[in-house]
Amino acid sequence: MDLIYKEERNNFLNRFVDELDIPDSYYDLAEKRYESIGKWLGRSESLVSDYKPLIYTQGSFRLGIPVKPINDIDEYDIDLVCELDMSKNDLSQKELKEKIGFEIKKYAEANNMKSPVEEGKRCWTLNYSDNAEFHMDILPAIPDEEGLMILLEKSNFTERMKSELVKFAIAITDINSRFYDSISENWLSSNPKGYCEWFKSRMIIKMNEAKLKIVAKSKNYAKIEDVPDYKAKTPLQRVIQILKRHRDIM
């Protein structure tokens, strides 16, 4: 009886979380959009082309835990990082933010985007008005391995975490920083890539199991390496998606 109940419960939870998943097409569309932004920033006429602009996702899309908006008013929120190959000695947070903001506004203009680009405390926001109903928050950043290492020296992180994940660290802009207008070592530090690598390490076995099931049922994938991460879900990701929906409702 307990086994039957457990199976029914698991089936219910799986069906429930399947309803929370966003369509695969949105992953594809989001990828095309941020790659388009990256090409724009890297074009020869760009203010930042000399600094090897790198665009990549962070947050729920990168971790594979986005959920559908709870109503028609809400939008899909795609968080991006725009990382330039510069140092804190080259410019202030304000200068970095304004350089990237200038190009993002030019991008919106060139693509006839109806909604104006919005400036947030840390990001620039591109609002899309098509049926996809999502916006992109673009966070200006520069590499900051040294800055994060200093912070970790004061923490209890393991040496492995320091050596393997700190290399992905970034320094980010923040309007509310009292050092915003000046060249300074005092930037906020973040590490979305490093966090994602740690997150994946917590579920690698279950992720591979999920991909194996997809390969067994699919004609499109010959091995697990061919399966995009977003197509496979682990219990860790599912639990977080359920908690996020609980947050939305409450």
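Buried means under 20% relative accessible area, exposed means over 50%, and partly exposed lies in between (1.4 Å probe, protein chains only). The model toured here is predicted: local features need pLDDT of at least 70, side-chain atom pairs count only at pLDDT 80 or more, and totals for chains, interfaces and linings use all residues. Residues are numbered from 1 along each chain as its sequence is written, and side-chain values use heavy atoms, with hydrogens and water left out.

**The cysteines**

Select C82 to begin. C82 is buried, at a relative accessible area of 0%. With a disulfide taken as a pair of cysteine sulfur atoms within 2.5 Å, the count is 0 disulfides.

**Helix α2**

Now select residues 24-42, which form helix α2. Helices here are DSSP runs (H or I, at least four residues), as are strands (E, at least two), numbered from the N terminus. The expected span, 1.5 Å times one less than the number of residues, is 27 Å for the 19 residues of α2, and its end C-alpha atoms are 27 Å apart, in agreement.

Colour Y26, Y27, A30, R33, Y34, I37 and L41, the buried residues of α2. They cover an arc of only 135° around the axis, and therefore lie on the same side of α2; the arc is taken from the directions from the helix axis to the C-beta atoms. An α-helix has 3.6 residues a turn, so residues three or four places apart point the same way. On the face turned away from the buried side, look for the exposed residues K32 and K39.

Which elements do the buried residues of α2 pack against? They are β1 (54-58), α3 (60-63), β2 (76-83), α4 (93-110), β4 (124-127) and β5 (134-143), where contact means heavy atoms within 4.5 Å.

**The largest core**

A nonpolar core is a set of buried Ala, Val, Leu, Ile, Met, Phe, Trp, Tyr and Cys residues joined through side-chain atoms within 4.5 Å. The largest has 34 residues, and I37, I55, L80, L126, Y128, M136 and I138 have the most contacts inside it. Its largest share, 6 residues, comes from α2.

**Strand β1**

Finally, select β1. Of its 5 residues, 4 are buried, so β1 is largely enclosed by the rest of the structure. Strands β1 and β2 run antiparallel and are joined by 5 bridges. Display Q58 to find its bridge partner in β2, D79.

How values were computed: Pairing = 2+ DSSP bridges.
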